2 protein chains.
Amino acid sequence: MDSPVGFIGEPADGLLRKLRVRDQISREEEAVIRGVIAEVRVVKAGQIIVPAEMPVSISTLLCDGLVCRYKDLGSGRRQIMDIHVAGDFVDLHAFLLGKLEHNVAAITDCRLAIVPHKALRAITETHPHLARFLWFVTLVDAAVLREQILSIGRRNALQRIAHLLCELEARLQVVGLAEGGRYRLPLTQSDVADATGLTSVHVNRTLRTLRDRGLATFRSGEVTIHDQPGLRQVAEFDPGYLYIGRRPI
Amino acid sequence: MDSPVGFIGEPADGLLRKLRVRDQISREEEAVIRGVIAEVRVVKAGQIIVPAEMPVSISTLLCDGLVCRYKDLGSGRRQIMDIHVAGDFVDLHAFLLGKLEHNVAAITDCRLAIVPHKALRAITETHPHLARFLWFVTLVDAAVLREQILSIGRRNALQRIAHLLCELEARLQVVGLAEGGRYRLPLTQSDVADATGLTSVHVNRTLRTLRDRGLATFRSGEVTIHDQPGLRQVAEFDPGYLYIGRRPI
DNA sequence: CGCTCCTTTGACAGTAATCAACAATTGTGG
DNA sequence: CCACAATTGTTGATTACTGTCAAAGGAGCG
């Protein structure tokens with residue numbers, strides 16, 4: 001079984017870390033955030049956390065593990081839209097949408113913090129700054145989706161995979177889960193294919209090319225970036241779209 | 001020059017229409033929305049409305065015309081992430097992000113309503129329901145982006161273009177700009193290529209196939225859907241991701 | 001009326017998909 | 001703890017979808 005991708009800490013630690021690289025969070029706000037967590041659950045790898053089209057009244061904060069959002073199409077085609085790491089809300093969009101049009105599934109065993117929509121709604125009524133913050137993280141989600149569109153639409157296989165590895169490194173770094181160009185990524189090549197709009201066979205060949213060129217290695221659930229500048233150049237990766245950096249929200 | 005794609009009315013009419021298919025808007029809220037519009041501007045086709053990376057302190061509501069968000073990559077590659085129609089905020093995401101990582105450009109001549117971020121911020125402080133509504137429309141933007149990822153990642157050229165035509169019909173219908181399977185769409189085939197991750201040559205061939213199969217015609221800036229069920233089936237189009245339909249927000 | 005942009009078409013190239021088989025790894029149960 | 005099953009990874013041969021290059025015909029504009 002995969003060891004959890006994440007740190008063991010208070011459920012909201014990852015989220016707070018993610019927020020604090022963007023703006024200040026007061027002690028009182030921190031308490032509010034910690035307070036909205038109704039419960040912590042554990043799910044097994046492969047389990048569906050939020051099925052498409054099911055009305056939901058809670059949102060889920062990922063404490064550790066890896067989660068993806070995906071849609072299925074006819075004849076076995078599957079597309080992963082986004083991969084979530086510790087500190088991400090995996091279904092905050094459902095707070096106002098009421099349901100999701102895609103599935104959310106655990107890639108690895110995960111620890112999840114449950115936040116009732118009622119509590120989120122209360123935040124929008126009484127804590128506008130926190131509400132904007134929550135809105136903000138959904139906007140960063142959208143920015144990641146736009147970059148994903150660019151990737152799949154206009155980058156070739158090598159660039160797409162390189163880009164994915166660069167993005168995950170940057171996002172994992174924010175929550176302290178990547179250092180020295182190494183991080184755990186317990187995806188199968190088939191998962192990578194679904195995330196990049198390729199086939200697993202082609203992913204396999206492309207990963208070999210990345211290795212042969214001395215750019216990065218992805219093997220047994222672990223990524224090692226050998227040459228970050230080189231990899232970023234190949235991918236045309238610019239982390240600006242992650243909106244990391246302080247700015248009043 | 002293209003005639004404007006839209007209706008002539010009060011600047012906020014399109015937005016209100018879009019909101020009211022989702023939830024109730026009180027008279028007082030309607031007044032607030034109309035009140036935040038500081039000014040109405042007109043831009044010419046092709047003009048960049050919001051350049052990437054430029055700090056912004058206003059957001060832009062599209063009254064009529066067609067707008068796109070896009071990013072450029074090396075060697076002339078361009079990807080359109082989203083096309084906006086009357087009633088859409090074209091850069092509401094910048095309210096909290098502070099800037100955008102992509103460009104926003106007018107495809108046709110446009111009428112734009114300008115909303116200062118200060119006014120939006122005030123709404124988050126004093127009108128939580130409206131604030132959630134604004135948040136909601138950015139979440140629908142994200143849902144459209146996810147569907148776009150699915151399209152480009154897993155649908156072939158015919159399906160992608162069919163899907164684009166289905167989506168735009170559904171979105172234009174909300175604001176009353178498509179009826180009887182016909183609507184104005186003053187895009188070049190090159191624009192369609194950039195929106196679907198294809199080349200203009202291939203778009204041209206694929207449009208011919210759509211025509212030959214009696215599904216839809218796209219010619220001189222106008223779309224005619226001859227066989228909606230057929231087109232939707234080809235595209236595997238399901239409008240659920242547009243979250244049209246009433247639900248308290 | 002000449003120019004520019006857009007559309008259309010053909011020939012050819014190339015990236016990635018498909019099909020198929022086998023190796024390696026991980027998991028399971030006796 | 002070993003043997004078998006299942007999943008995942010690897011590689012080769014072939015196909016096909018889409019891209020690239022090139023050129024000509026239309027349409028709109030000044």
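Q: Between which strands is the loop that holds Ser220(A)?
A: Ser220(A) sits in the loop between strand S9 (216-219) and strand S10 (222-225) of chain A. Strands are DSSP runs of E with at least two residues, helices are runs of H or I with at least four, and both are numbered from the N terminus. The model is predicted: local features need pLDDT of at least 70, side-chain atom pairs count only at pLDDT 80 or more, and totals for chains, interfaces and linings use all residues. Residues are numbered from 1 along each chain as its sequence is written, chains are lettered from A and ligands numbered from 1 in the order in which they are written, and side-chain values use heavy atoms, without hydrogens and water.

Q: Why is Ser220(A) called exposed?
A: Its relative accessible area is 70%. Exposed means over 50%, buried under 20%, and partly exposed in between (1.4 Å probe, protein chains only). So Ser220(A) counts as exposed. Its phi is positive, about 40 degrees, although Ser220(A) is not a glycine.

Q: What makes Thr199(A) a polar contact of DNA strand C?
A: An N or O atom in the side chain of Thr199(A) is 3.0 Å from a phosphate oxygen of DNA strand C. A polar contact is a pair of N or O atoms within 3.5 Å; within protein, one must be able to donate a hydrogen and the other to accept it, and residues adjacent in sequence count only if both atoms are side-chain atoms. Thr199(A) therefore qualifies. Gln189(B) also reaches a phosphate oxygen, at 2.5 Å. Arg205(A) has a polar side-chain atom 3.5 Å from a base oxygen.

Q: How many residues surround DNA strand C?
A: There are 16, and Ala157(A) and Asn204(B) are among the closest. A residue is near the strand if one of its heavy atoms lies within 4 Å of it. H8(B) gives the largest share of this surface, four residues.

Q: How do you know which residues line the largest pocket?
A: Lining residues have an atom within 4 Å of a pocket point; on a 1 Å grid over the protein atoms alone, a pocket is an open set of points where a 1.4 Å probe fits, with protein on both sides within 12 Å along at least five of seven lines. The lining has 16 residues, with Glu147(A) and Lys71(B) among those nearest the centre. S4(B) gives the most, three residues.
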